[in-house]
Amino acid sequence: MNYRIVGDSFPVLVCELAQGEKMITQRGGMSWRTADIEMSTNSTGGILKGLKRTLAGNDFFLNHYKALSNNQEIAFGLSFPGEIKVFEISEGHEIVAQKNAFIACTEGVDIDIHFNNKLGAGLFAGEGFILERFSGNGLVFIEIDGHTQEYDLAAGEKIVIDQGYLAAMEPTITFSIERVKGLKNIAFGGEGLFLGNVTGPGKVWLQTLPISGLARAFGGGKE
């Protein structure tokens, strides 16, 4: 399967399929396609997998698009201005991403949920508590809100982030939260009550324009 990403602030993923190749996406995820592509909708992994996907903000049913002949094309767009990031998934190279990040993947990629074992992460606006985990073999394409900033953290190295800025990370990264210290900082600092910590070793991808931050801006500033 060949692909290209075109566009600037509103990019689109265009996949070129040979006969028999498949792409998998969520309900309504396709933008356009050529005629000789067959669509089928199913729970992809059974009822339990479907239910677990809904916890991570995805659909119970996924759409499968199969090319019935060579030189077929299918495109997938974004729901928000930003970037499309591609990850090659294989054994030992899994990716954990924010909720609702999934755009599409090739056949062979397993989509599951990733629970943070620290219950306190659920206080961080839900971020870090239930995430998406991609394993198996193949390519997965995820949505980044705004621009992507990548960091390769050494063991014990930490970055402190505001709500919504975590886009994706390797499973070796530890995500936790910390309470903002100082009453004046909490009351007047504009960072809310909690901040997130991502700690190495491993790679982490941050995004510059999270939807949650934009919503707070339109609402008159951070909560």
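I took two strands to pair if DSSP finds at least two bridges between them. Strands, in turn, I read as DSSP runs of E with at least two residues, numbered from the N terminus.

I worked on a predicted model, in which local features need pLDDT of at least 70, side-chain atom pairs count only at pLDDT 80 or more, and totals for chains, interfaces and linings use all residues. I numbered residues from 1 along each chain as its sequence is written, and side-chain values use heavy atoms, with hydrogens and water left out.

Entry 1, the sheet. I looked up C105 and found V140, in strand 13, as its bridge partner. Strand 10 (residues 102–106) joins strand 13 in the antiparallel sense over three bridges. I then traced the open sheet of six strands, whose order is 5-6-3-10-13-8 with antiparallel pairing. Strand 5 (37–42) and strand 8 (82–89) each have a single partner strand and stand at the edges, so one side of each lacks a neighbour in the sheet.

I counted a pair where ring centres of Phe, Tyr or Trp (its six-membered ring) lie within 6.5 Å, with planes under 30 degrees apart stacked, over 60 edge-to-face and the rest tilted. The structure holds three such pairs. One of them, Y3 with F141, is edge-to-face at 5.1 Å centre to centre and 80° between the planes. Y3 lies in strand 1 (residues 2–6) and F141 in strand 13 (residues 138–145), so the pair ties together parts 138 residues apart in sequence.

I used relative accessible area (buried under 20%, exposed over 50%, partly exposed in between; 1.4 Å probe, protein chains only). F141 is buried at 0%, whereas Y3 is partly exposed at 35%.

Technical notes
Helix = DSSP H or I, 4+ residues; strand = E, 2+ residues; numbered from the N terminus.
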